Amino acid sequence: MTLSRRTFLTGSAAVVATAATGVGAATAAGAAAPAPSALPSLFLPKGDAFYRSRVPELFNASFQEPVPLASHTEVLVIGTGFGAAVAALRLGQAGVRVAMLERGLRWPLRPRYRTTTEKLLHQGDTFSPEQLFKDTDGRALWFRRSVPKGLHGLPMVANDYFAGALEVVDHPGIQVWQGSGVGGGSLIYTGVLIAPEQRFFDHVWKGSVSYQEMSSTWYPKALATVRGSHMPDDIYYGRYGKSLGLLGLGPKPDPFGHCRTWDGLFRKTGYTTEKLNSNFAWNVIRDELDGLSRPSATAGETNFGNSNGAKFDLTQGALNEAVATGRVTIHPRRVVTAVGQEPSGRYWVRFDLITPFGNVERKDVTVTCDRLVLGAGSMGTTELLMRARHTGTLKNLNEHVGQGWGTNGDAAVIVRHSLSAGLTQGNPSPSRILDEGKNRLPVVLENWAVPGVGVNPSLIGLGLIASLGMTLDDTRSSFTYNPGTDRTTTRTQLRMDGKPEGGAVLGWPSSGNDETVRSLREVINRVADANNIKTGVPGLVPDVNANFTAHPLGGAVLGKVTDGYGRVLGHPGLYVLDGALIPGSTGPVNPVLTITAMAERNIAKIIEEGS
């Protein structure tokens, strides 16, 4: 069935009730928070009581889902990340009734300490703590107890199966990091918002998308949607905050001293550092420096979420605004297992409803919609389309599904320096450099942090200075579908211990990271030589680690699986509006602004044309 433009734009006359609290807001005023339980032993499993006492909202049905999911909705959106959030917001503003399905949890935010005890004990950590030697727990990882080697070569230990905010999946040759909660990747990324240079954009898109249109209209609109800005000078230079020590004597807290050290190392090498936009909330960071809010951004937390809202994630922005239209509802704990289309043209979605511990409360629930938006990210959207093509539930999908996948040339890069200013390393990243040297890939390095380690002499004292590296790497791979490895029915179980058992098999080549490593190593060795410092830590922290990607892209590429605006070929009313559209790279820059801008562009055309 094809909807008329009028039907698509106006939808039902009934206004859906919305929650009294925002998408990521804390418990309603007046509700008593249970006292936290005694801290369990370090690195031991915590158990049910621990999580219920720390974050009761994760188990509160009315907080998780203020409005019940209808059996039929005009538009269903799978996922709540950047592309999905933009689609839902603009459709809701246009009067369309939208329900969003999210596999993860809806996390509360606690901007300030609520009690003196919380302040004394640095509590209020709705997300898992991230600093090394802190009590990291199951809230960190999506149904995975540990990751032997994280971004910087150091282990991450959670020790509980729990619906944590970060999913880490071990594919052959590459480890993939993704967000897993209401807000998607906005919960766990480092906030950088940057558009690529035109020469890099045109290299990736090969004329299929106009850079002039993107730079004049959609990149600025996306930046406004996610509220990007530069780090203020008083924070960058360590001028803000009360003095430490008795009677206010002593230095001010300086969690961004490592950023100035980073800038100095690269400037001495001959590079020009460029300021970056990010979507951190500077007022919350100032609250941290004033001792009014639990240290989070200033302590280098970002990969497991920022409990106090220091990162202006989608739950505070586009998703909150979407719900405020009265037309958009969000439904967590829905693990979508299959999608399809009825002979009438109507779409159906099948999911399992899970608990925070991964138990299935309701299995194989099916809901329907007139139109379906896939916004589950590169990996999730591609897996659903691969399964639908194999099983025949979407009969007209073409041969390009599963192709054009890349890592955005990601890598973590480390040098060792003498101890720099400050006792911690904070996020976000305030600056970057670009190097387009000869006979290798173009390289971007961004000022980054090593959570809880770095320049803190009370921890390891190695003087580590980190960069996020990205290259303009043309290496691409594709997925194949193997029903023999599709052994379970829910993505919860598929992802236990980071095992990719969903049937969609990624064929990343064993040499796929080689050119990225070579190119980044050439640049960082130049920096080390110019500053008389070392790279990496032998046997512990690699100088260049490209065995992961936090920016998976592709699998349902624009102009291949879809038309030029994300409409899936052969299936009117089915859309892809996330990172799966991007042909393996955005730059070399962080993909968030491009994904958001592309979603703004595409949904505007879809709404304008009513199809």
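Mentor: Let us begin with the lining of the largest cavity, whose residues divide into 22 nonpolar, 18 polar and seven charged. Please keep in mind that this is a predicted model.

Trainee: What makes Gly179, one of the residues nearest the centre of the largest cavity, a lining residue?

Mentor: A lining residue has an atom within 4 Å of a cavity point. The largest cavity has 47 such residues, and Trp177, Gln178, Gly179, Gly184 and Gly185 lie nearest its centre. Two or more lining residues come from each of α4 (82-93), β6 (174-179), β11 (334-341), α12 (377-391) and α15. Helix α12 gives the most, with four residues.

Trainee: Why is this space called a cavity, and how much space lies in the largest one?

Mentor: The word cavity applies because a 1.4 Å probe fits at its points but cannot get out. About 820 Å³ of space lies in the largest cavity. The search of the whole structure finds six cavities of 30 Å³ or more.

Trainee: How do you know whether Cys259 and Cys369 are buried or exposed?

Mentor: Buried means a relative accessible area under 20%. Cys259 has a value of 0%, and Cys369 likewise has 0%. Both values fall under the cut-off, and therefore both residues are called buried. Across the chain of 611 residues, buried residues make up 62%.

Trainee: How many disulfides does the structure hold?

Mentor: It holds zero disulfides. The term would require a pair of cysteine sulfur atoms within 2.5 Å.

Trainee: What makes a set of residues a nonpolar core, and which members of the largest one touch the most others?

Mentor: The members must be buried residues of the nonpolar kinds listed for a core, joined through side-chain atoms within 4.5 Å. The largest core has 88 residues, and Val98, Met100, Val349 and Leu372 touch the most other members. Helix α15 (residues 592-609) gives the most to this core, with nine residues. Another core, of 41 residues, lies apart from it and has Tyr51, Leu187, Ile354 and Val537 among its members.

Trainee: Which residues are in contact with Leu372, beyond its neighbours within four places in sequence?

Mentor: Those residues are Leu76, Ile78, Val339, Tyr347, Val349, Gly573, Leu574 and Tyr575. For the chain, residues 24 or more positions apart account for 74% of the contacts with a separation of 6 or more.

Technical notes: Residues numbered from 1 in each chain as written. Predicted model: local features only at pLDDT ≥ 70, side-chain atom pairs only at ≥ 80, totals over all residues. Heavy atoms only, no water. Buried < 20%, exposed > 50% of the residue type's maximum accessible area, 1.4 Å probe, protein only. Contact = heavy atoms within 4.5 Å. 1 Å grid on protein atoms, 1.4 Å probe; cavity = no way out; pocket = protein on both sides within 12 Å on 5 of 7 lines; lining within 4 Å. Points joined across faces, edges and corners; volume = space filled by probe spheres on them. Nonpolar A, V, L, I, M, F, W, Y, C, P; charged D, E, K, R; others polar.
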